[in-house]
Amino acid sequence: MAGNMDRNAKALQEAWRREENTLCADCKKPDPDWASYTLGVFLCFDCAGIHRNLSGISKVKSIRMDCWEEGQIEFLMQHGNAKAKAKYEAHVPFYYYHPVHTDCLVLREQWIRAKYERNEFMKPGKQSPYSNGLKEGILWKRGRDNGQYLLRRFLLSEREGCLKYFTKQDAKEPKVAIKIDTINAVFQPEKTGNPNGLQITYLKDNKTRNIFVYHEDGQEIVDWFNAIRAAQFHYLKVAFPVASDQELRNRLTRNFLKEGYMEKTGPRQKEAFKKRWFTLDHRRLMYFKDPLDAFAKGEVFVGSREQGYSVMEGLPAGTQGSFTWQHGITIITPDREYLFTCETERDQQEWMTAFWHVIKQPMTPQEYAIEAYFKLRP
Ligand SMILES: [Zn+2]
């Protein structure tokens with residue numbers, strides 16, 4: 001009996017330590033220590049928790065804490081993350097967003113449900129809710145003035161290269177038509193207080209606008225998100241025929257590099273510092289009075305070191321404006337200096353890291369064009 005148990009424990013360890021099983025099968029978090037013995041995958045604790053809700057499809061156990069039967073171990077030995085990926089992710093479209101462990105729950109849960117519950121990627125042609133270049137539906141949209149959510153009809157058209165929404169259900173003319181290549185979409189459960197809350201930003205006259213939407217159904221909102229990515233991908237493929245698919249994927253929706261409150265002073269650097277909500281979306285640093293405002297109060301272009309941009313810890317000596325927070329940051333651009341303060345040292349360090357990440361990268365031709373727009377502004 002004891003010999004049998006030893007053999008089992010050894011077999012389980014052997015499967016677990018295989019190279020292919022060193023990252024979670026669903027979110028790529030290192031050192032997964034749970035496994036599904038009906039799907040044959042190794043999972044992190046959080047993904048195992050989601051698998052628990054796939055009743056009848058996935059059964060999970062802790063590698064370290066649970067007892068394993070011989071048949072279950074045998075199944076894990078014969079399967080594992082590489083085989084599961086080949087089966088369940090065979091036809092994931094190139095533009096499709098693969099969530100990682102830092103992503104919000106709705107993205108991670110729908111990815112897992114799409115893979116194992118809906119078998120969405122096992123055969124080609126099952127991705128039509130987001131892949132056919134046209135999506136229409138009703139979403140809750142946050143009202144600009146009173147913050148109340150109202151039902152609005154949305155229409156995404158790859159052929160027209162735009163996302164539209166309509167105030168009246170039967171309206172012919174959209175309230176807004178957004179060009180597909182200017183859109184960014186980011187899930188914002190915390191900021192919106194809704195687990196399915198999605199922030200869509202876009203450019204109008206080269207200024208950033210925000211809308212906030214959600215759908216009660218997690219699958220529907222994630223389908224919208226991937227439909228936007230699909231339409232962008234196909235649009236960019238036509239616009240930049242020589243660019244590689246990888247290059248184009250980098251230009252689809254992207255997470256903000258950092259968001260949070262800082263204080264800022266005005267251009268004369270004598271004004272009292274005011275608390276504002278900041279969002280760093282790649283090279284655009286936007287600030288808002290309220291995190292859910294539709295319009296940025298201002299935007300700063302953050303270029304590259306070669307173009308004379310840099311960031312320094314602290315404020316220039318003799319800064320006159322009064323401020324409450326003690327951890328200063330100075331952003332230097334070819335035109336002026338921007339002065340900010342953070343509440344904590346940790347915040348300050350995170351912002352500095354985010355700014356350096358952008359400044360260290362050389363600018364692309366498109367970014368030179370954006371910089372020029374910023375310079376033309378009054
Ligand atoms: Zn995971």
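**Fold, sheet and cores of the predicted chain**

N119 counts as partly exposed, with 13 C-beta neighbours inside 10 Å. On the scale used here, a residue is buried if 20 or more other C-beta atoms lie within 10 Å of its own, exposed if 12 or fewer, and partly exposed in between, with C-beta atoms placed from the backbone. The model is predicted: local features need pLDDT of at least 70, side-chain atom pairs count only at pLDDT 80 or more, and totals for chains, interfaces and linings use all residues. Residues are numbered from 1 along each chain as its sequence is written.

N119 lies in the loop between α5 and α6 (128-131). Its phi is near 45 degrees, a positive value in a residue other than glycine. D31 also has a positive phi, near 55 degrees. D31 is found in the loop between α1 (2-16) and β1 (34-36). D31 is exposed, because 11 other C-beta atoms lie within 10 Å. Most residues other than glycine have a negative phi.

The chain holds eleven helices and 17 strands. Helices (H or I, at least four residues) and strands (E, at least two) are DSSP runs, numbered from the N terminus. The C-alpha trace spans about 80 × 55 × 45 Å along its principal axes. Of the 378 residues, 35% are buried. Among contacts with a separation of 6 or more, 53% join residues 24 or more positions apart. Two residues are in contact if their C-beta atoms, placed from the backbone, lie within 7 Å.

Helix α5 (residues 105-117) contains Y116. Y116 is buried, with 24 other C-beta atoms within 10 Å. Leaving aside neighbours within four places in sequence, Y116 contacts L39, L54, I57, S58 and Y88. T330 lies 214 residues from Y116 in sequence. In space, the C-alpha atoms of Y116 and T330 are 49 Å apart.

Seven strands form an open sheet with antiparallel pairing, in the order β7-β6-β5-β4-β10-β9-β8. Two strands pair if DSSP finds at least two bridges between them. The edge strands are β7 (176-179) and β8 (184-187). Each has a single partner strand, so one side of each is left without a neighbour in the sheet. The twist averages 35 degrees from one strand to the next. Axes are lines fitted to C-alpha atoms, for helices over the stretch in contact, and angles run from 0 to 180 degrees between N-to-C directions. Within this sheet, five bridges join β5 (residues 149-157) to the antiparallel strand β6 (residues 162-166). R153 has F166 of β6 as its bridge partner. Helix α8 (residues 218-239) packs on the sheet. It touches β4 (134-142), β5, β6, β8, β9 (198-204) and β10 (207-214). The direction of α8 makes about 35 degrees with that of β5.

Seven bridges join β11 (residues 258-264) to β12 (residues 274-281). K258 stands opposite L280 in β12. Five bridges join β12 to β13 (residues 284-288), again antiparallel. D281 stands opposite R284 in β13. The two strands β12 and β13 form a hairpin with two residues between them. In the turn, H282 has a positive phi of about 50 degrees.

UniProt, in an unreviewed entry, places the feature "domain: PH" at residues 132-233 and 255-360. UniProt positions are given in the numbering used here, feature names are shortened, and annotations may be inferred rather than shown by experiment. Residues 132-233 are 20% helix and 45% strand, with end C-alpha atoms 12 Å apart. Residues 255-360 are 14% helix and 38% strand, with end C-alpha atoms 18 Å apart.

The largest nonpolar core has 60 residues, of which L43 and I228 touch the most other members. A nonpolar core is a set of buried Ala, Val, Leu, Ile, Met, Phe, Trp, Tyr and Cys residues joined through C-beta atoms within 7 Å. Helix α8 gives the most to this core, with ten residues. Domain 1 (2-88) and domain 2 (128-249) both give residues to the core, so it lies between them. These domain bounds come from an automatic or database domain assignment. Beyond neighbours within four places in sequence, I228 contacts L156, L163, I183, A185 and T253. A second, separate core of 23 residues includes L257, M286, I329 and A354.
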